[in-house]
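Please have a look at the model below before reading on.

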Amino acid sequence: MRATPTVGRWIMNTFASTATIALIAAIAAIAAFGLAGAVLWGGPKAIAPLESINAPFKGLDYRQMPAISRYTARDGTPLAYRHYRSQSTAANATAPRRVVLVHGSSASSRSMHPMAMALLASGFAVDVLDIRGHGDSGQRGHIAYIGQLEHDLADFMQAVPHAGPSTLLGFSAGAGFVLRHAASPQKALFDRYVLLAPFVVQAPTNRPTTQPIDGNRPRWASVGLPRIVALSILNGFGVTRWNDLPVTQFALNAEAAKFLTPRYSYALAANFGTNLDYQGDIRRLPPGVKLIAGVDDELMFSGRYAELFKTAGHAVPVTLAPGANHMGLTLNAPALAVVAAACHD
């Protein structure tokens, strides 16, 4: 008995629907397998030490560095900072401006000691943070969730109040985080912001890792891009259970690895810097933001910062410190004088 045209169409439509469902299921299975593979095996690789970052800290004099102080964050974790007491904080004196320093990637408050001393000598009160996941603040390389660092900074300002005005100053990745904070609803916690050679995620100011500099190929970090992409997709669906996996490995030598943070989890890497929409961050900046970079920076195109901010819709004054490479911006006396002057203005 022949099938009627209606029955035939139904059979064909059913077959087509089944085939479509099967194709979609196959694509979903391949995508899921790809995501799983990227999460499992797409992490950062080993990287050779970068001596332009490691070497400058050898032989620094830490004898005047204050001991670690602590404040309690909202989750009950004691977090570390160092307080440099200004001589002008006597009972009958007006409270000086406080500068709160945020170190760069992998680092801690120790790395900002020369800058803290220079600012102290210029009359500022200075507090240097060990950002959670670094130094003596929590487990190195890890935070509990994206956004925790902003909560920590707000908790610090509440737990360690200051009678005078406050500037937030960050270096490198720390400057990226300062930019992120300055664009946030909590920007009023500080009335001034200073960015030192900021690492701006995916911006043209970052030198490619293969860019030759004086015959070298400087690489400060190995990035597990497949894992980052996979975890970003999963986070978009609210899946955060693998955010503790490492995605960044830093170019530390054996000695530096004793004091610094060798790798970042996805959560820490996603939080300690700008948002992916860095142009939106820049557009939301308040007045009172300044930027300083070294002329000889081997990790950043320092001459591109002014155009980057102007193009994003919020021009900021940019000062280029002569004779300073990336770390030299925090260590060289002439560069430190430029930083102190920017904090005074």
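A residue is called buried if its relative accessible area is under 20%, exposed if over 50%, and partly exposed in between, with a 1.4 Å probe and protein chains only. Y81 is buried, with a relative accessible area of 10%, Y71 is buried at 7%, and F156 is buried at 0%.

This is a predicted model, in which local features need pLDDT of at least 70 and side-chain atom pairs count only at pLDDT 80 or more, while totals for chains, interfaces and linings use all residues. Residues are numbered from 1 along each chain as its sequence is written, and side-chain values use heavy atoms, leaving out hydrogens and water.

Rings of Phe, Tyr and Trp (its six-membered ring) pair if their centres lie within 6.5 Å, and planes under 30 degrees apart count as stacked, over 60 as edge-to-face and the rest as tilted. A search of the whole structure finds 8 aromatic pairs, including these two:

| Pair | Centre to centre | Angle between planes | Class |
|---|---|---|---|
| Y71 and Y81 | 6.2 Å | 55° | tilted |
| Y71 and F156 | 5.4 Å | 70° | edge-to-face |

Helices (H or I, at least four residues) and strands (E, at least two) are DSSP runs, numbered from the N terminus. Because Y71 lies in strand 1 and F156 in helix 4 (residues 148-159), their pair ties together parts that are 85 residues apart in sequence.

Elsewhere, one aromatic cluster is formed by F177, W220, F250, Y264 and F272.
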